[in-house]
Amino acid sequence: AARIIQNMDPTADPCQDFYQYACGGWLNRHVIPETSSRYSIFDILRDELEIILKGVLETSDQGDREAFQKAKILYKSCMNESLIEQRDSLPLLEALRMVGDWPVASADWSKTKEPSWSMEENLSIMNSRFNKRVLIDMFVWNDDRDSSRHIIYIDQPSLGMPSRDYYFNGGNYQRVREAYLQFMITVAKMIREDKNVSKDDSFVQEEMAKVMELETEIAN
């Protein structure tokens, strides 16, 4: 209750400016950080929690339960920037190999990979190994009709960009769309270079344009 009162501005007339009356105290005491597009009590709680988690994850894992040890191993692996730089694109190339490679980053994918490539198999690998849902989202959750059991749900996955507006609207949406396509082209070129595949910019641009066209159809 004290926090709610503190976030109010009782000097404002609620009949004239209710927003100032309800939120004026908060506005006076908080400035949106340059690194954020919004700032609320939930953002503050998240920042405070991250500080606590950082302290916990940086302590010794001696005697910890397995789940805590895994969390600390993951945190340390992300913080080991020198090893990340040393490994460079190897983890990504290994991930691509596990799902049958990437046609745009291959010289002869249609001949060497496509005959034995299975969409169903590789969608399941991306879901189970990388938690990445493509075309179809499948997950296990509580049954809405019977909370004592769990069932398999099938749903539509998220899009490559935040919402379908980005695929159809103009203005800033169009600029983001153009940058998104250019980002895909840049990544494809980098992977081709790392795999020592010959340079073919026109092929890459054509393939990524097809990807963009497919995503747009899915968004529609």
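**Entry 1: the model and its domains**

I noted first that this is a predicted model. I then looked up how the protein chain is divided. Domain 1 covers 1–79, domain 2 covers 118–158 and domain 3 covers 164–219. I also checked the spacing of two of these domains. The C-alpha centres of domain 2 and domain 3 are 27 Å apart.

**Entry 2: salt bridges**

I wanted to know about charge pairs next. Side chains of opposite charge can pair when their charged atoms come close. How many salt bridges does the count come to? I found 13 salt bridges.

I began with Arg46 and Asp47. Their side chains meet in a salt bridge, with 3.3 Å from N to O. Arg46 is partly exposed, at 41% relative accessibility. Asp47 is partly exposed too, at 28%. I then saw that this pair belongs to a network of salt bridges, which links Arg38, Asp43, Arg46 and Asp47.

I turned to Lys72 and Asp64. They form a salt bridge, and the closest N and O atoms are 2.5 Å apart. Is Lys72 buried or exposed? I looked up its relative accessible area and got 4%, so Lys72 is buried. The cut-off for buried is under 20%.

The side chains meet in a salt bridge of 2.6 Å, N to O. Where do Arg97 and Glu94 lie? I found both in helix H6, residues 90–98. They sit three residues apart, about one turn of the helix. Arg97 is exposed, with a relative accessible area of 52%. Glu94 is partly exposed, at 35%.

**Entry 3: the negative patch**

I moved on to charge on the surface. Which residues gather in a patch of negative charge? I listed Glu81, Glu85, Asp88, Glu193 and Asp194. I then asked which helices supply them. Helix H5 (81–87) and helix H10 (172–194) each give at least two residues of the negative patch.

Glu81 has its place in helix H5. Its relative accessible area is 54%, so Glu81 is exposed. Exposed here means over 50%.

**Entry 4: the nonpolar patch**

I found a nonpolar surface patch of about 1,000 Å². Its members are Trp117, Met119, Val134, Leu135, Ile136, Met138, Val140, Ile152, Ile154, Leu214 and Ile218. Which elements each supply at least two residues of the patch? I noted strand S1 (137–143), strand S2 (146–155) and helix H11 (201–219).

I checked one member, Ile136. Ile136 is found in the loop between helix H8 (119–130) and S1. With a relative accessible area of 43%, Ile136 is partly exposed.

**Entry 5: Glu215**

I ended with Glu215. Its place is in helix H11. I recalled that helix H11 also supplies residues to the nonpolar patch. Is Glu215 buried or exposed? I looked up a relative accessible area of 16%, so Glu215 is buried.

I also took the separation between Glu215 and Trp26. They are 189 residues apart along the chain. Their C-alpha atoms are separated by 41 Å.

Conventions: Residues are numbered from 1 along each chain as its sequence is written. This is a predicted model: local features need pLDDT of at least 70, side-chain atom pairs count only at pLDDT 80 or more; totals for chains, interfaces and linings use all residues. Side-chain values use heavy atoms; hydrogens and water are left out. Patches are made of residues with over 30% relative accessible area and no salt bridge: like charges are joined within 9 Å, nonpolar side chains (Val, Leu, Ile, Met, Phe, Trp, Tyr) within 5 Å. Accessible areas come from the Shrake-Rupley method with a 1.4 Å probe; for residues, only the protein chains shown count as cover. A salt bridge is a side-chain nitrogen of Lys or Arg within 4 Å of a carboxyl oxygen of Asp or Glu. Lys and Arg count as positive and Asp and Glu as negative; His and the chain ends are not counted. The place of a charge is taken as NZ of Lys, CZ of Arg, CG of Asp or CD of Glu. Helices (H or I, at least four residues) and strands (E, at least two) are DSSP runs, numbered from the N terminus. Buried means under 20% relative accessible area, exposed over 50%, partly exposed in between (1.4 Å probe, protein chains only). Domain bounds come from an automatic or database domain assignment.
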